[in-house]
Amino acid sequence: MIGVISYLVFFATVASILSIAVLGLNLQWGNTGLFNGGVVAFFGAGAYGTLILGGTPQAGQMGGFELPYLIALLGGMVISGIVAWVVGLLTLRLRHDYLAIATFGVAVAFETVMRNSDWLGGAQGIRGFERPLRDALGNGFSYNLAFLAFVLVVLIGIYLFLERLIASPFGRLLRAIREDETAARSLGKSPSRIRLTAFVAGSVIMGLAGGLYATFYAFISPQDVLPILTFQIWAMLIVGGAGNNKGAVMGTFLIWAAWTASGWALSRFAPMDVQLYTGSIQFVLIGLVIVGMLMWRPQGLFPEKLVVSQSAKDK
Amino acid sequence: MNGFKTSALALGLAAGFASLATDAAAQECTTKIGAVLPTSVDWGKPIAATAQYVVDIANETGGVAGCQIEMVLRDTQVDPKVGVDAAKALVDLDGVQLLLGAVSSGVSMPILTSVTVPAGVMQMSCCSSSTAFTVLSEDGKTDGLFYRTFATSGVQAAVGAMVAQEKGYGSVAVFYKNDDWGQDIGGLVADDLASLGIDVTASIAINDGQASYRAEVTEALKGNPDAIYMALYPKEGTQVVREWISLGGAQNMIAANALRSDEFRDNVGLQYLGNFTGTDTASPRTESADAFVAAYTAQFDGPPNGPGLANSYDATMIALLAMHAAGEGATGADIAAKVGAITDPDGTPVTADAEGFAKAKEVLDGGGTVSYQGATGNVQFDKNGDVSAPAVTWTFSENGIEEQKYISLTEVNDFMSSLN
């Protein structure tokens, strides 16, 4: 029984961390209509930033500044914010699919740079990070439980922040830009500045998720920032429901559960002679879930709630 | 309300997916071990099949510590998140004390740091070659729980340089796969060549899955090297060699063991591989290695020509014997502590087959130690869980792959220390 709880804690931690990244994407795509195809670049910038700032020195690598954990995490967020700001300035004039292609390129470039820069860990990645409070909490179950609590607090904080944000006038402005940029401009708003703000804010949230992810594994390598992660995070948002924060979180838990449980179930129930092929079967199953979802409920499990303005409601 | 229902449904589904655990009460005495291997990748399947084959051998001889072994196999998808989750599920839900895997160092490493070491589970990798594990162990972060049967890239790099020296090449261009393994070995071989006074005209990274490597090959041709060294996998290796030959490069080639595949030979064409020399860390001159090749060929209708197969075989064998020595209900640390009793050079020699497995169990039951003579030779681990291994050079022929020269452990060690 303790094993099941221990696994569920582990599962919930990973799913919660991914949820935070999905919430960041939801701010960009769901609320502002920015098609970010390079989620991993900002996720990775936060992860690398946190480990470089908070890790112990390693021969031949930059970093190992051993900053206090929360400052390292914050530093990771700042780094992904800076990356997002630069990328945003360069690409945000593009629309939809063009923006997606440009940001996807940024993500691939990010992974390639990390893979080839020995001073950033190269293909071997960055090690030597001491998980915070490890001495006090040990390395086992109690640590994972405490870390889950921390991640949940962060997740709830981000969730409440985003809920407030999209209910505010700024949130209406985001949706106005998403629906009709020209109309928004005609009302005296500055869409390009707001788009950049939303892009950077969403990316900082992804960077936070990356920082937590790297903390949890105490390790990050280019293999963690492959395009598959962008795909996974998008699938979570689409299934959950773009434009709805609750949907983003639910979609993450559901997709990640399907992703991991399909592997587990196949390893347990598939007959002996197809065990070797379960890896491939699992990909098919995951694909089916996503395709099925798109056919059955393309708006996602939790569609965006349409907000009607007060004055229109009275009529 | 509707939203609440749906969210309850979603949560329920998620919880249901994640916690369908703990049925399957064992009817008879069965011990589970875990395997986390990239079975969705073509070259990963045979590695997993080999591990399962060893488990079958062990079960034929009556199991391990009186129990049948069930290997629960999970796919990593070569994705660290997925691999770590699979490992965590095996440790927590199936309660394994022994985990085989993974292949990529980028997956094995987070499994080690966030699953097996915290849980005190022994991890035995067949195929992770990164020197990062050695450093981690020297820092005291592995708790002695990590072993691997894949020699660090140092041995192969040194032998590659040795071949270049023997052949009298004055200059060599290095192609390496752009991952942890390739960067490791590419860097090491360049250093080794330089210290032998051989000019390294270029060190070129080969990224996976490109349609063409013309730019990379042209770059290498510029230096007009006598030979090329390749730390590449068959798919990219085939393309690089094709373009290298078609652009007029010399047929002098040295390659690491990843190109040891019939597929590579057939796709390039034997006539272009006239002066090709491969290196490997296996020790196929020993009887036990021949026995492995024969047994494998009989089992799988073909010789073990993929990367990592002999290593996977030995990893599973040694781990299971250590498990037997540690006795029933042993923890990961107990099993890890017994590895030395399996690879004791002064122990009773045992072969790597069912007969040897049974004999080893007898000796271990009597409190003795054995010297496991495996598919990769007389395996010995150092204090970091790394293997030092003898080496061979090999080449392609009409009939497949032929060994050229056997370089004993002492020769390898002497040569390596002469480099520094």
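1. The model is a predicted one, in which local features need pLDDT of at least 70 and side-chain atom pairs count only at pLDDT 80 or more, while totals for chains, interfaces and linings use all residues. Residues are numbered from 1 along each chain as its sequence is written, and chains are lettered from A in the order in which they are written, with ligands numbered from 1.

2. V172(B) sits in strand 6 (residues 171-177) of chain B, where a strand is a DSSP run of E with at least two residues and a helix a run of H or I with at least four, numbered from the N terminus. V172(B) counts as buried because 31 C-beta neighbours lie inside 10 Å, the cut-off being 20 or more other C-beta atoms, placed from the backbone, within 10 Å.

3. Leaving aside residues up to four places away in sequence, V172(B) touches several residues, including A164(B), L193(B) and I228(B); contact requires C-beta atoms, placed from the backbone, within 7 Å.

4. Chain B is divided into domain 1 (29-151 + 284-389) and domain 2 (153-280 + 391-419), with bounds from an automatic or database domain assignment. The C-alpha centres of these two domains lie 29 Å apart, and 14 residues of domain 1 of chain B are in contact with 18 residues of domain 2 of chain B.

5. Between the chains, 50 residues of chain B are in contact with 46 residues of chain A. On the side of chain B that touches chain A, helix 1 of chain B gives the most, with nine residues.

Key
Buried ≥ 20, exposed ≤ 12 C-beta atoms within 10 Å, placed from the backbone. Contact = placed C-beta atoms within 7 Å.
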